[in-house]
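Here is a colleague's note for someone opening this structure for the first time. Please keep the view open while you read.

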Amino acid sequence: MAAEIQRFAISEEDDDEMGMDVKEEDDDDDEDDDDNEDKNMVTSNPTVVVGSDVGVLSTGGSNRFVMQHNQQYQDQQTPLGGSRRCRPQEEKERTKLRERQRRAITAKILAGLRRHGNYNLRVRADINDVIAALAREAGWVVLPDGTTFPSRSQNTRTSGGGAPTTAVTSSSAQMPAQHSSPNSSRGISPGYRGAVDYNAPHMKVGLPPTSSSYDASNGARSQTSAMIGDGGDLHNDPLLGISIDNDNNRQVVDMPTKLQERDFAGTPYVPIYVMLPLGVVNMKCELVDPDGLVKQLKVLKSINVDGVTVDCWWGIVEAHAPQEYNWNGYKRLFQILRELKMKLQVVMSFHECGGNVGDDVCIPLPHWVAEIGRTNPDIFFTDRSGKRDPECLSWGIDKERVLRGRTAVEVYFDCMRSFRVEFDEFFEDGMISMIVVGLGPCGELRYPCNPVKHGWRYPGIGEFQCYDQYMLKSLRKAAELRGHSFWARGPENAGSYNSRPHETGFFCDGGDYDGYYGRFFLNWYSQVLVDHGDRVLSLAKLAFEGTCVSAKLSGFHWWYKTASHAAELTAGIYNSSNRNGYAAITAMLKRHKAALCFTCSETSIDMDLSRSLSDPEGLSWQVVSGAWDACIPVASENSFPCHDRQGYSYLLERAKPMSHPDGRHFSSFTYLRLSPLLTERQNLIEFERFVKRMHGEALLEYQR
């Protein structure tokens, strides 16, 4: 017995530390189970081990073994006069040890899935949570009540090229192995990674007759049926386009090698906006090429685009002196849009343009702000090496009067209030449908953790931006309140812009990010972000009362499959494993009745998602579903140029997910961006088709 205890080495305290919600089995059930085990051991096993003090006996002496075994039990009288067998104490201890070992193994499995597989499992998860997580990863839909069914958006693929593939088998033969795409790694839907040819040839797959579908052979359940889902009517599936013929007691399934497009006719109406060019208004606040712009806008109007989105640059309208605003170019633009009866979304851009991916113009912060920055560079975000980033103002001066007697949030509010007064008529008639409030670099609620101008390249983890004197002052105050003044510093082992998580002592598995200091620092760092958004949005709601306001959130999907989520941590989103870093943001948005604009709608096909342990699908699901659960409207925009049917179909599936039990969908979608390339004939045809499907209109090709 002592040897067995030493072998398992699991104590009650260890069980508590595992955090597992596994109950001890009832003693009566244990006795019945052990009785059955003993009987089975006697009748079927060639050798038997009984307890820790009984030797190995052969079945040849089974009678003697039964006698010895029965002598270990006594008849115990019960109050009702019956008898009840009582197990020896050794057997009870053995059962407890076996249960503890099982619980320890389960705990290690769950811990490994949380830490290395990035499964969103609760602390006291059970086997149902694990099964549900694995099913969702495989593309199945698992409802809260446990109802499980295959998603109709699952893809079927062949391993070869475009040539048809035929696989025929009888009921006694094993089915061919399922062909898998090398891109179909965890968390990445293979249907969106490779090129999709909706007119691709079909492949024929022979299935066993239905009468043998439950045979005990390994081939009874075909891999193909698992791919397309069980329990459905495969003879009439308009989504998969499958037809089944009977051929000599074999079922031949004729199905396309690529997933057919979904018919969006009758789906909810999602308004479409097109983002105007960044330099549509120049530095003199003049509208650039109004005649050419009118022609392009008329083309958009002809295909029923709802409206446009335009950046309103702080560096243009308040360029030369504090509180001296020039709105002339935007007035001209808004008048043109009114004549065309198009809606308008305005982005209040309090950051500079230029230096980031996709920036084709340079629009700096106001000149008078740059002058202050030359004498006091701490108004800008600063990294550990002391490099300043003048893309936007540091959140450390939100309440510091360092901008000619005003704080940063007062400067933002004065600009927004001036805009509201200047364009009052456009607000009153409802032409301006939404205001997107710029909250950081690129207008997004995040730290400028990955500036290209400082050498960052994908998929680097970025750097913390908290080393200006005002941010360090806030950190010092937080550390003193915590009682650990020596924590008033940034991490010293967090690597550089292009480091990988495993190369650092802070972000590696089991690194300092999960220690006492690491948790303190990340809590403070992320809370500064939430507080900044809270302050600016509260003033935006005051300035734009009666109009929808929204905040833009970017998707840091690289290193999402690691335990630390390093790219999100440097951006200010404390979303490491077993922690929902977006909950505080959604709660803040809900408090201000603000919408969320999430920009991670798709990824570039040039990205190597495997080497960066990226999971854009998992990140998007976490952010969007969390916002929908909080009843927050979600708008979106594409991250990369899109002109092909494959990309549009992906965006449609993101905007109107068919598997969502509540029928949620995007409140609006902004297409980036208006250009001569978009108005080319073939591109315009595909875009018009995309607009119709977003609007829920029927296409002629689906009416035949």
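The points below go from the whole chain to single residues.

1. **Overall picture.** This is a predicted model. The protein has 704 residues, and buried residues make up 51% of them. Its secondary structure comes to 20 helices and 20 strands. The accessible surface is about 33300 Å², and carbon and sulfur atoms hold 50% of that surface.

2. **Contacts along the chain.** Take the contacts with a separation of 6 or more. Residues 24 or more positions apart account for 74% of these contacts.

3. Start with residues 432-437, which form strand 16. How many of its 6 residues are buried? The count is 5, so the strand is mostly covered. Strand 13, residues 343-349, pairs with strand 16 in the parallel sense over 5 bridges.

4. **Met434 as a landmark.** Towards strand 17, Met434 stands opposite Cys548. When you follow such strands, recall that side chains in a regular strand alternate between the two faces of the sheet.

5. **Two cis peptide bonds.** Most peptide bonds are trans, so the exceptions deserve a look. The bond from Tyr458 to Pro459 is cis, with omega near 5°. Pro459 sits in the loop between strand 16 and helix 14. The bond from Leu672 to Arg673 is also cis, with omega near -15°. Arg673 is in the loop between strand 20 (668-671) and helix 20 (681-694). Check both bonds by eye.

6. Most residues other than glycine have a negative phi. Which way does Cys285 go, positive or negative? Its phi is positive, about 60°. Cys285 lies in the loop between strand 11 (272-275) and helix 8 (290-302). At 2% relative accessibility, Cys285 counts as buried, because the cut-off is under 20%. Trp559 also has a positive phi, about 65°, and is not a glycine. Its loop runs between strand 17 and helix 16 (566-571). Trp559 is buried too, with a relative accessible area of 3%.

7. **Cysteines.** How many disulfides does the structure hold? The count is 0. Cys392 shows the spacing: the nearest cysteine sulfur, that of Cys442, is 9.0 Å away. A disulfide needs the two sulfur atoms within 2.5 Å, so Cys392 is in none. Cys392 is buried, with a relative accessible area of 3%.

8. **Helix 14, its length and ends.** Helix 14 covers residues 469-482. It has 14 residues and reaches 20 Å from its first C-alpha to its last. That is close to the 20 Å expected at 1.5 Å a residue. At its start, a side-chain oxygen of Asp468 comes to within 3.1 Å of the backbone nitrogen of Tyr470. Just after the helix, Gly483 takes a positive phi of about 90°.

9. **Helix 14, its covered residues.** Which residues of helix 14 are buried? They are Tyr470, Met471, Leu475, Ala478 and Ala479. Look at the spacing of these positions on the model. An α-helix has 3.6 residues a turn, so residues three or four places apart point the same way. What covers the buried residues of helix 14 includes helix 15 (516-543).

10. Arg689 is in helix 20. Is Arg689 buried or exposed? Its relative accessibility is 9%, so Arg689 counts as buried. Ser636 belongs to strand 19, residues 634-637. Ser636 is buried as well, with a relative accessible area of 2%. The side chain of Ser636 reaches the backbone oxygen of Phe598 at 2.8 Å.

Technical notes
Residues are numbered from 1 along each chain as its sequence is written. This is a predicted model: local features need pLDDT of at least 70, side-chain atom pairs count only at pLDDT 80 or more; totals for chains, interfaces and linings use all residues. Side-chain values use heavy atoms; hydrogens and water are left out. Buried means under 20% relative accessible area, exposed over 50%, partly exposed in between (1.4 Å probe, protein chains only). Helices (H or I, at least four residues) and strands (E, at least two) are DSSP runs, numbered from the N terminus. Two strands pair if DSSP finds at least two bridges between them. The expected span of a helix is 1.5 Å times one less than its number of residues. Contact means heavy atoms within 4.5 Å. A polar contact is a pair of N or O atoms within 3.5 Å; within protein, one must be able to donate a hydrogen and the other to accept it, and residues adjacent in sequence count only if both atoms are side-chain atoms. Accessible areas come from the Shrake-Rupley method with a 1.4 Å probe; for residues, only the protein chains shown count as cover.
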